Amino acid sequence: MADQPAHPADRPAQRAPGPAVRRAVPALARRLRSGASGLTVVLLATALISTAFGVGAMGRADEVSDGAAWLWSSPTGKVTRVNGNNAEVDLVTSLPDSKGGDVRVTQNDDYLLLHDPATGKVTSVDLREMGFSGALELGQSGDFGLVLGKRTAVVIDRAGGEIKAVDPATLQPTGASLQIPGPLVGGAFDDTDTLWLGVPTQGTAVGIRVEGKDAAISQTVSVADPGSDIAMTVLDDGALAVDRTGKRLVAARNGEDPRLVSSPVPLTGAVLPPRTRGDTAAVTVPGSGRVVTLTDPGGTPRVGHFAVRHEGGGTAVPFGGRVYVPFDGEGAVRVFTREGKELNPVRLPGAEGPLEVEAREGHLFVNAPDAGVAAVVDPAGKARVIDKTQPPPGRGEGPGGIAASAGGATPGAQGPPAPEGRGPGGAPTPPPGGDDEDGEEPESTDAPGAPTPVTAEAGDGSVTLSWPKAYSPDAPVQTYVVTWKGGSTTLDGSVRRAEIDGLDNGTAYRFRVRAANEHGTGPAAQTEEVTPGPDALGAPEGVTAEATGSDTATVSWQAVDGAADYVVSAEQEGVSDRTSTGTSVEFSGLAPGATYTFTVTPRTGDGVSGEPASAEPVTMPELELGAPESVTFETAADSVTVDWSAVQGAAEYRITPGGDGAAALSEATASQTTYTYRPRGAGRCYSFTVLAIGPDGTAAETPTTSDARCVRDFN
C-alpha cells in the first residue's frame, strides 16, 4: 500500500514504499451462450462464484458493512472488498466463469449483485446471511441496469423502458413492471430511496418510489424539449439533468420545484457519473476539454468551469471539494480543485485499461478492473494504493461458505477451506499474478462454484431440495454436501436432488449446498427458510405453457386457495426452477427447437408443498437470426468506434471494414454491441458491416452495413 498525499502539481508527492503490485494472469477465453432480450427475470442454473470469502481484522458479517467497496479484477476473475478506512483487502471471492470479462458490481451494505453482460447472468450475495442466494438472467442483448436502494433492488431495461422491482436476495419480481417510454438514461437511488431516471423522448427526469411491491412514479421534472439529448447524475437528494443540445442544467429535488441553471459553456456530448455524493456536481464536456461544476445544486446553485488541459480524460467525479478525472492511458487520475487548480495525480502502478472512479461510503475508490491495483482516497485527499491480489489477513469459515476471521469455530461450519495459495492437502499453487518461465498460462485449479439457486419444497416432516450443476471447469464435481441445523448428507456429483426427512414439523430450516472437486470445496448456495408441516395443498388447474419466442416461454395456471407461492420446474436439464407469487412465469434461455414440459407445485407460507400439475409439452420454434437494425460509427483522435443494435439470440457479431480505409483494418468479432478500431496513418473513407452469429457458430443470412463517410487524419 502506498500513500499519495495531495499537493499542488508542481510539488511532487513523496510516495512511501509498498509491496509490488502483482501482475495479472492472462484472460481466459469466454464461454458465451445465447440469451433473451427484454426484461425477463429468470432464475439460472448458474454458479458464478467459486471461492470462499476471506475476512480480515473486522471479521464478522455485521461489522463489515461501512466504509468499504467491492472491486472487480478481470484477469484473476475476482471481486475484492476493500476497507476504505484502512485501505486493506478484507473479503475476496472468485467468479471463474467471468474471468477475463467485464463484471458490473452493484452493492449496498446488505447485498452484492454481480452482472456479467457477456452471458447476461446476475448472481445475488446476501451479506447478512453470508451466502449466495439468488440468480437471474437478463440475456446478452439489451441495455440493462441494476440498482439497489435501502430495501429493494430494481432491474432497468433502458432500451425497452421497463422498470421491475425484485427481491434483492432471491432476485424474484415483487410486483408488476412499470413501463416508461424508452430509451431511458441514468438510473440510481438517492439517499431518500427515490430512483431517478431520464426520459429523453419526453424531455423529462422522473423520480420513482418502490412502495410495497410495486414501482410508481412520484415526481416528473421538465428538462428539455421532447426528443432532446439529455444526461443525468443522481444526487444525495434528487438529481441533476443536463440538456446536451444547449446549456440548460436542471436540479430536481424531492417534493420541490426544480432549479434551472445556465452552463457557461455548451453541453454538447456532456457526461456525468451515475451517482454524485456531496454538495458539488461535475459535468464533463469532452469536446471542449472542460469540466462544469455546480455547487449546492439543490439549494442555491453556484456554477463554475475549468479546462482540464490534458488529452484523454474520462468522466469527472467530484469528491471532498475536489474533482477527479481518470486518464486510462496514463493509469492515473488527475486531481483538480473546484476552481481548476491541478493537484498531484493519483497514480496506479501497473494499471492497464479503463479506470473506474466512484465515491461511496465516505471515500473515493479508483479501480483498474483489468489489473490487480486500486486506490482509495479519503476526504482530505490522501490516496493509498491497494494491491487487490493481497490475500485477506484472516481465515476461518462462517455461515454460507463466506469466511470469518480466525479465532473460533462457527456453528454449522463444514471446516475451513485451504488457505489462499494452497490446494488440497496444503500443496502450494501458483500465485495469481505469476507468469511461468515459458510464458504459458498456468493451469487453473479452481474449486467448483456455488450451485445457485437451491429450491426447497417442504412436506410432512421432510424437505425436498434441488439445484443446478455447479460450475466446475477444472475437474468434475465429485460430491455435493448438504448441511442444515442438526444434520448433513453427502451426495454423488451426478445427483442434484435430495429429500431430507426426519425433520420437525413447525421448525424453520435453512439448507446449504456445496460442490467439491479434486481441487477443493466451493462456497455454499443457500435456501430461504422453509418449515415442514402436514398440510398439503391441491394441484393447480389450467396449467399451460406457450412459446413466446425462439428461446422464451410463459407458463400460466389458476390460483390455489391457501398457496403463498408456486415452484415452476422443467423436466429437462439446464433449466432452473422458478418461484412466483402470481399465476404465471416466463422462462428465457431455452434451446430453440427443443421440447419442454413444465410442472407447477403450490406451497404454503411455511414452504409446505402441495400436489403438482404439469402442462402439455411445448416445442420452441427454431431460431432465425436477424440483422442489426442499425450500424453506426464515430471517430476520435486515434480510434473508430462501431456501434450496432443487438440481435436476439446472437452470441457474437462479425465486423467487416469497408471502404479504402479497410486495408489498414481487419475483420473482427465481438460479444458486445460495440467495437473499437485504432487505425494508423492517413484518414480514410469507411463503412462497416455487422453480421450476427448464433451460439452454435451459424451466421445470419443478412448483415447490416453502415453509411459510408470519410474522416479526418488519425494521429
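**Reading burial and the nonpolar core**

Tutor: Of the 715 residues in the protein, 54% are buried, meaning under 20% relative accessible area with a 1.4 Å probe, protein chains only. This is a predicted model, in which local features need pLDDT of at least 70, side-chain atom pairs count only at pLDDT 80 or more, and totals for chains, interfaces and linings use all residues. Residues are numbered from 1 along each chain as its sequence is written, and side-chain values use heavy atoms, without hydrogens and water.

Student: How many helices and strands does the protein have?

Tutor: DSSP runs define helices (H or I, at least four residues) and strands (E, at least two), numbered from the N terminus. The protein has 0 helices and 55 strands.

Student: Which residues have the most contacts inside the largest nonpolar core?

Tutor: In soluble globular proteins, nonpolar side chains tend to be buried together. A nonpolar core is a set of buried Ala, Val, Leu, Ile, Met, Phe, Trp, Tyr and Cys residues joined through side-chain atoms within 4.5 Å. Here the largest has 34 residues, and Val463, Leu465, Trp467, Val482 and Phe511 have the most contacts inside it. Strands giving two or more residues include E2 (68–73), E33 (462–466) and E34 (479–484); the largest share, 3 residues, comes from E34.

Student: What is Leu465 in contact with, leaving aside neighbours within four places in sequence?

Tutor: Contact means heavy atoms within 4.5 Å. Among the residues in contact with Leu465 are Val454, Val482, Ile500, Phe511 and Thr527.

Definitions and conventions. Buried means under 20% relative accessible area, exposed over 50%, partly exposed in between (1.4 Å probe, protein chains only).
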